Amino acid sequence: MEKRQIDLAVSSIAALIEASTDRDEPIDDSRITEGINQVKSLFENWNNDDEELIKFRLESYFTVKLSEKSITLANPDVQRWFYAKETDMEWPYWDAYKELLRQQGRPREVIKENEKVINDILDLSGDPTTDGAWARKGLVMGNVQSGKTQNYIGLINKAMDTGYKIIILLGGHLNDLRKQTQERIDEGVIGHESTHLTTARGESPRKIGVGIFRDKIVNTLTSTEGDFNKPLAKRLGINLQSLSDPLILTVKKNTSIMKNLFEWIRDFHYLDLEEGEKLSLPLLLIDDEADFATVNTRAAKGQITKTNEYIRSILSLSHKSTYVGYTATPFANIFIDPDDSE
């Protein structure tokens, strides 16, 4: 069998087994063998070597166990919302990303634990369907299960399903790091190559990653070829006040880029912060490596470092905003005085 047929067989059998198994019910070798026997006749050129490989991949997917679980620390006064609404929502963005992870061979238990972490993060974030003004801030730290990038890409997809429309990802402080992050976002969120933004070919971008499993649209103003810039944003004419489909921007953590982004959002949308004229759509800002440059290191009261200032300024452009920082080395973050607004 060709590789794509083996991938399809693994995906089909895994979906069949999951559909007939309770969420927390363990899946053993006999259940995997049963699933294989139910599906194998549908594939031509099936042979014993293929079956061994398919069985191995299914065992890897279903039987991996995690020794550590996530721990959530939160202000008890923060209003929770996610679990009360979870069953009433549809999950096209998350389901497509989960299918991509399954196709890539991520173990079922890892995906499940990753989803629990994401759900807890959303539960502490602002409810995008709530009227009025609100702002939430939080930090994800330590050894995030199954990888930090997979976790925040999953968070982005679930956040879009819940109603977040504007997502800004600070994806590294170097051009190469931002480009690598953009490639992961193209695959895991946008669903097609972003290079079409800066090319003149006029052809439809090639579907990749989650784009193979869904038709839902995600807009972008950044690409693997270039960071955010105001001329391109103005030319594309996307209005953040009237988005029907979500928009994601993968931006380098650089003060010049962040200044341009802040000014474009403010000026292009005629916002006036002093008069309370802000974006009405909910904004999610994810800060990768939040220990780098984000923390306000000025000693004097009232003084703010530029990176910290522009993060605050961008968040202030929306009536509804959530900030989520990610770091594996949180020491600079956790020693901030919680009573200090600076």
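# A guided tour of the predicted model

**Aromatic rings**

Select Trp-81 and Phe-82. Their rings form an edge-to-face pair, with 5.7 Å from centre to centre and 80° between the planes. Trp-81 has a relative accessibility of 7% and therefore counts as buried; Phe-82, at 0%, is buried as well.

Next, select Trp-134 and Tyr-164, an aromatic pair that is likewise edge-to-face, with centres 6.4 Å apart and planes at 80°. This pair joins distant parts of the chain, since the two residues are 30 residues apart. Trp-134 belongs to strand β1 (residues 134-141), while Tyr-164 lies in the loop between α7 and β2 (166-170). Both Trp-134 and Tyr-164 are buried.

**Helices α5 and α7**

Display helix α5 (residues 92-103) together with helix α7 (residues 148-162). They pack at an angle of about 150°, and their axes are 7 Å apart. Angles over 145 degrees count as roughly antiparallel, and α5 and α7 are therefore roughly antiparallel to each other. To see the contact, show the side of α5 formed by Pro-92, Tyr-93, Trp-94, Tyr-97 and Leu-101. On α7, the contacting residues are Gln-150, Ile-153, Gly-154, Asn-157, Lys-158, Met-160 and Asp-161. Coloured by class, this contact shows 7 nonpolar, 3 polar and 2 charged residues.

**Helix α6**

Move to helix α6 (residues 108-124). At 1.5 Å a residue, its 17 residues should span 24 Å, and the distance of 25 Å between its end C-alpha atoms agrees with this. Is this helix enclosed or open? Of the 17 residues of α6, 15 are buried, so the helix is largely enclosed by the rest of the structure.

**Two loop residues with positive phi**

Select Asn-45, located in the loop between α2 (29-39) and α3 (48-63). Its phi is positive, about 60°, although Asn-45 is not a glycine. With a relative accessibility of 57%, Asn-45 counts as exposed.

Finally, select Glu-289, in the loop between β5 (283-288) and α11 (306-315). Glu-289 is another residue other than glycine with a positive phi, in this case near 55°. Its relative accessible area is 34%, so Glu-289 is partly exposed.

Key
Residues numbered from 1 in each chain as written. Predicted model: local features only at pLDDT ≥ 70, side-chain atom pairs only at ≥ 80, totals over all residues. Heavy atoms only, no water. Axes fitted to C-alpha atoms, helices over the stretch in contact; angles between N-to-C directions. Helix = DSSP H or I, 4+ residues; strand = E, 2+ residues; numbered from the N terminus. Parallel < 35°, antiparallel > 145°, perpendicular 65-115°, else oblique. Contact = heavy atoms within 4.5 Å. Nonpolar A, V, L, I, M, F, W, Y, C, P; charged D, E, K, R; others polar. Expected span 1.5 Å × (residues − 1). Buried < 20%, exposed > 50% of the residue type's maximum accessible area, 1.4 Å probe, protein only. Phe/Tyr/Trp six-rings, centres within 6.5 Å; stacked < 30°, edge-to-face > 60°.
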